[in-house]
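Please read the following account alongside the sequence and the coordinates, beginning with a strand pairing and moving on to helix packing.

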Amino acid sequence: MALATPLRHLIAAQHAAPEPTGSPASLTFPLHHHGRLRSRFAASPPAGTTMATRVVATAAAGAAGRPTVLVTEKLGAAGLELLRSFANVDCAYELTAEELRAKVSLVDALVVRSATRVSREVFEAARGRLRVVGRAGVGIDNVDLQAATEAGCLVVNAPTANTVAAAEHAVALLAAMARNVAQADASLKAGKWQRSKYVGVSLVGKTLAIMGFGKVGSEVARRAKGLGMDVIAHDPYAPVDRARAIGVDLVSFDEAISTADFISLHMPLTPSTTKLFHDDTFAKMTKGVRIINVARGGVVDEEALLRALDNGTVAQAALDVFFEEPPPKDSKLVHHENVTVTPHLGASTTEAQEGVAIEIAEAVIGALKGELAATAVNAPMVLAEVLSELSPYIVLAEKLGRLAVQLVAGGSGIKGVKVVYSSARDPDDLDTRILRAMITKGIVEPISSAFVNIVNADYVAKQRGLRIIEERILLDGSPEVPINSIQVQLANVESKFAGALSDEGDIRVEGKVKDGTPHLTLVGPFSVDVSLEGNLILCRQVDQPGIIGKVGSILGKMNLNVNFMSVGRIAPGKQAIMAIGIDEEPDKEALKLIGETPSVQEFVFLKL
C-alpha cells in the first residue's frame, strides 16, 4: 500500500483548494496531499498485482466517486461503452468555445477529434480539474500542448488505429488522381462521354516520394511497392534500417521533391512544417509532378499550390485536408479541374472509427487511473516494464525530495539541486526522467501551492528557477538491480538541522530500496537505516549510553508507536544521529521533551 499511493500521483491532478505558500521552517507542513486525495481513490487491488497495474483509479467530483469525461465530437459506440464502464460520460457535440470553457471545469477528462480547439483559455477555465485530454486520432495541432503541460494535464492520442485507413485513402487518392476517376465520374453523370479528355498516367515504374516516413508513410510505401512504384522517402527522424527493410531509400528533402513523379505528404503540422510547401518548394519539383496530401492542410501553402497548378508545375493534386476545414465554398483550389478532393476522410472507415474510439478510450481511462500512457504526447514515454521496475524508486525519489526540503531553514531559497544515481547499469539503460520529476514534486509541493506531476515537473522547476543536475556513478556488479542508491543534495542553503550538512556544506540525504521498500541510508555524513514510512524524527546527540532509551521512553509515554530506529555515528563517543520512524504525528509536548533530553543537541520532525 505504501508503494501504490505515490504512483497514483504521477499524473493524477489536485482538486482540493491550493495550500498557502509556506516555509520549511515550520514543524507542520502542508503535506496532506496524499491523505486528502486518498479518499478520492479506489482501494488498492489485492496483493500479487504487479506494480505497473497497482495504480488505482482516481476520481474527482462525481457520483459514487466516478470521474467525468466530456466527449465533444462523435466517437465510436465501442469507445463510448468502454468510457461509460469507468466514468460518467457527457456527450455534447458542436459546442461553441464559450460553452466548452463553461463545461470544462466540471470534468476530469476531455475527448476530442480534430474540430474542437483545446486552447490555453480552455485549460485556464478548467481551474486545475482537467487531468487528461484525449485526441481521437493522430494530429494534436488543435490542442495547446504548452498550456496543457503548464496545467499538468496529460494529452494522449490514438496514433495506431487509423494508420491503415489513412494509408489506404492515400493510395485511393493516388490511383483516382492518376486515372481522373472523380472528373470522369462527374462528366459522365453530366451526360458527357469524354474518353479522350480523361486519359490518365500509369503508376508502374513511377517514383513516389513519401514525405514523412512514420506509421502512415511506411504503410503507403508498402502498398505503393505492390503497385510497382519506385519509392523514396524523406524523414530526418526515420531509422534507415526500417526503410531499407521494405525497399525504401531515405533521401534529402531536395532530392525527394526534385526527382519524384508523385509526392505523398505524411508529416505532422509543426512550426517547422507549416507551409513547408510554398512557391520556392514547388519551383524545385519536376514539371508535371502530382501531389497527395492526407496529412495536415497547413503543411501546404494553398495559394502557392494554386499557382503551381495554373502554371503546370503541378499537374494534379489530391487533397483530403485543408488549411481551413471545411474550406470556403468558393475555394478556387477545391473547384480546380485538376484537383481531387475529399472532406478529411483519411480515418473514415468503419473499422478505423471503432479502433480509434477504443484506443483513445483505453488511453484516457489509463491516464485517469494514473498510468503513464504509451501514447502520451507531453510526458516522458515510460514503458510499462520500466515503470514496474522503477516503481519503488519512484516512491523513494519523491520522499527524498520531501525530506530534503523540510531540512531547509526558513528564508533559504532553493536553486541548486544535485541528484546522484549509483547503479551498475550502463547510463544508456537507465531512464531517470520519471525519478527527476518525482524529486521535483517532493521538493516543490511541500512549500508551495503548486501541484507537480510527471507532465509538468520540468516546467515547474524551470519557472521556479530550480536547476536540477543529475550525475550517475557506475558501480561494479550485476545490473539486475536498476539503482543501488539515490542521493539528493541541496546546495547554498541553510539547514535547520546541522547534522544533515555534508562536509561540503550542502544538505544531503540518500536512500535505497530494500525488499521493495524505500529506506533512508544517509543524512549528511551519518549512515542510518530507517524505513521511509509514516513520519521521521532525526536527533543529533553525543554518542553515549541511554539516549535511545530516554527518547524511546518519551515516545512510549505519549502513546507514539516506533516502527523503526537506527543510529549512525562518526566514531564511538563522538557525534551520532538517531533516526526514528513513528506512525503518528507527535504533539508539541513530546517534541519539547525530546529537545530537553540531555546530550540531544538538535532534532527535527519530518513528515513523509
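Arg540 stands opposite Glu602 in β22, where strands are DSSP runs of E with at least two residues and helices are runs of H or I with at least four, numbered from the N terminus. Strand β19 (residues 535-542) runs antiparallel to β22, and 7 bridges join them, pairing being assigned if DSSP finds at least two bridges between two strands. Of the 8 residues in β22 (residues 600-607), 6 are buried, that is, under 20% relative accessible area with a 1.4 Å probe and protein chains only.

This is a predicted model, in which local features need pLDDT of at least 70 and side-chain atom pairs count only at pLDDT 80 or more, while totals for chains, interfaces and linings use all residues. Residues are numbered from 1 along each chain as its sequence is written, and side-chain values use heavy atoms, without hydrogens and water.

Turning to the helices, α3 (residues 77-84) and α14 (residues 350-369) pack at about 20°, with their axes 7 Å apart; axes are lines fitted to C-alpha atoms, for helices over the stretch in contact, and angles run from 0 to 180 degrees between N-to-C directions. The two are therefore roughly parallel, a term for angles under 35 degrees.

Key:
Angles under 35 degrees count as roughly parallel, over 145 as roughly antiparallel, 65 to 115 as roughly perpendicular and the rest as oblique. Buried means under 20% relative accessible area, exposed over 50%, partly exposed in between (1.4 Å probe, protein chains only).
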